[in-house]
Amino acid sequence: KMMAGGKQQGGKGKGGSEKRFFSGAVPVAAAAAAAAATGTTTTPNPLCQTQSGMTDLSSAAGFFAGLCKTKPSCQWAPPQVSMMCSSTAFYHPTDLKKGLTTDAEKQSAMTKMCDEKNVGWWSMRRGLLPSGFDCNTMKTSFARLSFFAGGSGAAGEGDDFETNYIGGPGGWFQKEQQLEREIETESGGEMRMILFSAVTLRSQYLNILLIDGVLSIVSLVLVWAYMWWTLESAFLASVAMFEIVFSVPVAMFFWTVILQQKVFFYQLLTIYMILGIGADDAFILYDAWLQSRLQGPEVSGSWETRFAWAYRRAFKAMLITTATTCGSFLIGAASPLPQVQAFCVFAAVVVLVDYLFCISLFASAVVIYDRYIKSETKKPGECCGAGCCCGLVRVLGQACCKSCAPSLPDPDAPVEKRPLEKWCEGPLFNFLQRWKFVFLPVWIVIIGAFAGIAGGTLRTAEKANPLGRQGLDAIRGFEILLEEFSIFGVPTTSFVLGLDPEEPVEEWGSTEAEKVRYSKEELKKFAEPAGQLELLKLCQAADLGQATGATRCEDKRCLILGKSSAGRCAEQTEAARRSGVYMADDIRCENGRYCFMEDFATYWAFHLEGAACKSFTAEANCTGSCAWDGQLSVCYSTKTASDYPGLPAAEFITHLGSDEFSAYTKSRHDALSANGREYEVLLDERLTGFRLTPDKKELQFVWVSFNATYPARNTVEQANTWFQRWEDFRLAYAPTIGGFQTTDLYKFMVTQNEMVKAAVMGVLLSLVIAFLVLVLATWNWWVSLLGLANIVGISIVFLGLVPIVGWSLGENECIFLIAVVGLSVDYTVHLLHSFHHGEGIDRSSRSRHALSEMGISVLNSSITTLLAAAILFACGFYFFIQFGAFIFMVIGLSILMSITFLMPLMIVLGPEGDKGFLPKLRNSKSEESQ
């Protein structure tokens, strides 16, 4: 399929771009209109005329063999117009020796496609022009054409076609893409051609996945390389990466095998989230190990005492952040949406597994490295030296920055802090100390401003997020087909009676019959004669058409998709009079509804009311409400479904559950299948029906459906408008029997509302959990409140950034909101934990201690996470891009505000001495400080 898109072009314009637009988009119409518009006539090809004498298979085969050899033009018959004489090569600019299609030719063809009486052209319009095409203005922004590509169908041809024709560097597909670029350039960007087919789509999507997969690997490699740089050990960096990466499959095993849960796509992306959290844990433990050298002899005297001191400190610090992050994610388990529940709970499991890996596997690796691998006598770059094993990263760093790489230590010299630790303790702290009264008001103003932006401009998503970058043909083409053309079938709206409208099932997503909740009152109303007639009236309202009730037509002006003229499609006479089965005579004519009540009324007219007619075998006896068909020699009932008067409830239910009605339904489906309409049988079975109790004495629920004119993707506002239009339709024709409407269109609308509620509740509860964990960890309400202020500030600024970057509260963004507290809490907790246990009594000394002890860890952790997230910006699929942007923004805000807002806040307002401690631990803390 080739699609063209550009500015709306009318049928009578004379601009060159307009001709190019329609000549490329509607060649079927252009070719067929050529003779009509110019007066040119063509000689009918003999092979296109009705053939006689084909009484056996061999003669038919000979006829078609001759037809294929000559490749006739068949009087310009486009596909779907003539079943015998259609040609796949019916038009080319050279065929008429006159160049591109003229405006008159185009106008004539489009007029035919808007003429419902010209059924072939009318049905073809839906394939070539978008669902919103207006026959009054003859304007459209999109159009498409279809053509066949291939050859003899020999074995292996499909593989050769894809390899050479599509994938080859000099193949047709590459040349076609070059042509696309040329057309877009020539039109000044006003027109874009997109080739879209199963083969090219697969090729393009595989290329996008390949690129995105490579970028994912690159992000992992970058994180590993940076950890190698900072840990000065390829061994430790590799163990840390193993810990991080394998926490996901271990969690997946626990999730699928032990918990027996399904895996959603979102869960696979936790790898990027755990990169930052896992790296943070690794840095915390290793930095504590190195800092143990600086402690007194009671700690630094042996590797056992050093490890014990470092392990206790890191264990507690990591436990606090793990508990806070897991608690924040577990809040999402309360969401009513399964995908949100799954992502949040699975993320909590991944974080917990990573923590267990770190305190066991990575902790053991630190001891092994220090005791058996590391050598203090090796130069940087040598085996077992700084940067072990090959030392490439360290050597390159030392060549570029001499002060970044330490020289060989003097065994007799005292142990010194690392350069970054010195910078955090000295220049960074002094800078924050000096400018603290500037940072605090600036951040307060920023937080207030972003709170106003979030409150004033943050809105629920108007439509689903795009699939990927709009510049990619596979992405943009798929979205156009999804939004403008019915490539996945016609959307339907169903009306249901008998189910509880608030909670139709006890368990969301369950299909078990015992978990269904019924509404018996609705069924009682429906089972009465007046209720039966109301539902029948609702179904037959489609036949009012466009002119009378604007109920059914081919565009959005009507609700129901189908023929715009009033009345039901003409029936196939023989099936109706012999079997009482209704079937449209023209397979292309669409009534636009699926209604068991109408089928039952037809059954009543033929088999119940007209039962006597079937027994008459002679025209003389066929009287009253019966009529004789001389050609078929049958007596049939003149009653129709419109004559149905409604039956008493008990009699109606008895007939619905009878073997006779079941046999009638089967005969109808058999007739449809025999006429090549198996698809109608499948649609009928799915889109309308009824359910009786096991004893067949009561109805449980019933449903009918209509083909709808709305596109597959809508904004929330548009979905609300469609909902109200359908609701008005239901109340106009079936006002008393109750029931509710349902369709896939409303999934997005309802999901948005539920996800926003879950996100808001998740953020609030996550903040409460973060505060409680801080209180339990520090037993100091003062420190916990200041930490909460920083986390709230990060969340507010992020919410303000959401509309600034063009996002709204869609499915992805709501999941992000639930996760924002869990991801932003780590650096705050680490710095506060260090401040709480800091040396000195005054707040300034404690703040310096926190930066000296934890500054290097949180900075390195943030850099690894930012590196991993930044790589995702180059991906093709939108969710990867958005997920990377989310992590980048949250982690960037978290490290920035933890350093420039939280620390100045602690310098100015942090507790001194034992202030803020809860009473239970006041004495023990005072004794400890003494």
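Begin the tour by selecting C875: at 0% relative accessibility, this cysteine counts as buried. The structure on screen is a predicted model. Next, select C424, which likewise counts as buried because its relative accessibility is 0%.

**The disulfides as a set**

Turn now to the sulfur atoms. A disulfide is a covalent bond between the sulfur atoms of two cysteines. How many disulfides does the count come to? With a cut-off of 2.5 Å between cysteine sulfur atoms, the count is 6 disulfides.

**First stop: C114 and C135**

Select C114 together with C135. A disulfide joins these two residues, with an S to S distance of 2.1 Å. Viewed about the S-S bond, the link of C114 and C135 has a torsion of -85 degrees and is left-handed.

**Second stop: C569 and C589**

Move on to C569 and C589, which are joined by a disulfide with an S to S distance of 2.0 Å. The link of C569 and C589 is left-handed, with -85 degrees about the S-S bond. To place the pair, display helix 22 (573-579): C569 belongs to the loop between strand 6 (560-561) and helix 22, and C589 to the loop between helix 22 and strand 7 (593-594), so parts that are 20 residues apart in sequence are tied together. Colour the two cysteines by accessibility. C569 counts as buried because its relative accessibility is 4%. C589, at 24% relative accessibility, counts as partly exposed, because the buried class requires a value under 20%.

Finally, select C622 and C635. A disulfide joins C622 to C635, with 2.0 Å from S to S. Which handedness does the disulfide of C622 and C635 have? The torsion about its S-S bond is about 80 degrees, so this disulfide is right-handed. The pair links distant parts of the chain, 13 residues apart: C622 is found in the loop between helix 24 (611-615) and strand 8 (626-629), and C635 lies in strand 9 (residues 634-637). Both cysteines, C622 and C635, are buried.

Terms used: Residues are numbered from 1 along each chain as its sequence is written. This is a predicted model: local features need pLDDT of at least 70, side-chain atom pairs count only at pLDDT 80 or more; totals for chains, interfaces and linings use all residues. Side-chain values use heavy atoms; hydrogens and water are left out. Helices (H or I, at least four residues) and strands (E, at least two) are DSSP runs, numbered from the N terminus. Buried means under 20% relative accessible area, exposed over 50%, partly exposed in between (1.4 Å probe, protein chains only).
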